[in-house]
Amino acid sequence: MIVSIKGLVKHPIILDPGVWIFDDRKINLSTYFSDERKGPADPSIKQLSRAWDEQRLKGAMPQSNQNKVTVDRKDLTEHSLGIALKPFLDNASPEPEAETVTFVRAEGKEDFSCPLSQAENGILGFSEQGKPLKENGPVHFYYGDGSNLKEPVTHITSIILK
């Protein structure tokens, strides 16, 4: 199942949550909201800065295009996973007048709306205990602070900026 981002955006996009298991940006929902996050000092930024320093000192190394994808088997079979919504909203390029994000829900569920600033900090859950969200998905929305961790917005079929 796919989810579209449309409305007051320059570039409507379509998301396929089924491929996010291979995305390096995925997060473990079981630990994400309980761990203390210290902003931009996460491992990927440290790794990038280390690579930048090495290239500055030693010169650029030839890049390989061998696309080595590694996936931890535990991620596939045990963990509940999510991904930040902000990069997808940024890629859609919201129009300046966009202020609200509406999560359109299936099965007669009432749509859910929140301010764009709140949605940008949110997380889209796409896997629960190693299984795709087939019955109440394809994605769930969690606030960035995890305040709705026990009761996320479910049955989301599309995201509309208004």
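How many bridges join strand S4 (residues 81-84) to S7? The legends below answer this and describe further close-up views of a predicted model.

**View 1. Strand S7 and the strands paired with it.**
Strand S4 (residues 81-84) is joined to S7 by 4 bridges, and the two strands run antiparallel. Within this pairing, Gly82 is placed opposite Gly125 of S7. On strand S9 (residues 139-142), S7 has an antiparallel partner too, with 3 bridges between them.

**View 2. The hairpin of S7 and S8.**
Strand S8 (residues 131-132) runs antiparallel to S7 and is joined to it by 2 bridges. Ser127 faces its opposite residue, Pro132, in S8. The hairpin has 2 residues between the strands, and Gln129 takes a positive phi near 50° in it.

**View 3. The surroundings of Phe126.**
Phe126 belongs to strand S7 (residues 123-128). Its relative accessible area is 6%, so Phe126 is buried. Beyond residues up to four places away in sequence, Phe126 touches residues that include Pro17, Trp20, Ile21 and Lys26. Leu81, Gly82 and Ile83 are also among the residues it touches, and strand S4 spans residues 81-84. Further contacts of Phe126 include Lys131 and Pro132, the residues of strand S8. Leu133 and Pro138 are touched by Phe126 as well. Between Phe126 and Val19 there are 107 residues of separation in sequence, yet their C-alpha atoms are 9.8 Å apart in space.

**View 4. The stacked rings of Trp20 and Phe88.**
Searching the whole structure gives 7 aromatic pairs. One of them is formed by Trp20 and Phe88, whose ring centres are 5.2 Å apart. The planes of these two rings make an angle of 25°, and the pair is stacked. Planes under 30 degrees apart count as stacked, which is why this pair is given that name. The two residues are 68 residues apart and link distant parts of the chain. Trp20 is in the loop between strand S2 (13-15) and strand S3 (27-28), while Phe88 is in helix H4 (residues 86-92). Are Trp20 and Phe88 buried or exposed? Trp20 counts as buried, because its relative accessibility is 5%. Phe88 is buried too, with a relative accessible area of 8%.

Phe103, Phe112, Phe141 and Tyr143 form a cluster linked by ring pairs. Setting aside neighbours within four places in sequence, Phe103 is in contact with residues including Leu85, Asp111, Phe112, Cys114 and Ala119. Phe141, Ile156, Ser158 and Ile159 are also in contact with Phe103.

**View 5. The salt bridges.**
There are 2 salt bridges in the structure. In one, Asp23 is joined to Arg25, with 2.7 Å between the closest N and O atoms. Asp23 is buried at a relative accessible area of 16%, whereas Arg25 counts as partly exposed at 42% relative accessibility. In the other, Asp90 is joined to Lys86, with 3.3 Å between the closest N and O atoms. Because Asp90 and Lys86 are 4 residues apart in helix H4, about one helical turn separates them. Asp90 is partly exposed, with a relative accessible area of 38%, and Lys86 counts as partly exposed at 34% relative accessibility.

**View 6. Thr154 in strand S10.**
Thr154 is a residue of strand S10. Its relative accessible area is 13%, so Thr154 is buried. A polar contact of 2.8 Å connects the side chain of Thr154 with the side chain of His155. Not counting residues up to four places away in sequence, Thr154 touches Arg105, Asn136, Val139 and His140.

Notes: Residues numbered from 1 in each chain as written. Predicted model: local features only at pLDDT ≥ 70, side-chain atom pairs only at ≥ 80, totals over all residues. Heavy atoms only, no water. Phe/Tyr/Trp six-rings, centres within 6.5 Å; stacked < 30°, edge-to-face > 60°. Buried < 20%, exposed > 50% of the residue type's maximum accessible area, 1.4 Å probe, protein only. Contact = heavy atoms within 4.5 Å. Pairing = 2+ DSSP bridges. Salt bridge = Lys/Arg side-chain N within 4 Å of Asp/Glu carboxyl O. Polar contact = N/O pair within 3.5 Å; in protein donor to acceptor, adjacent residues only side chain to side chain.
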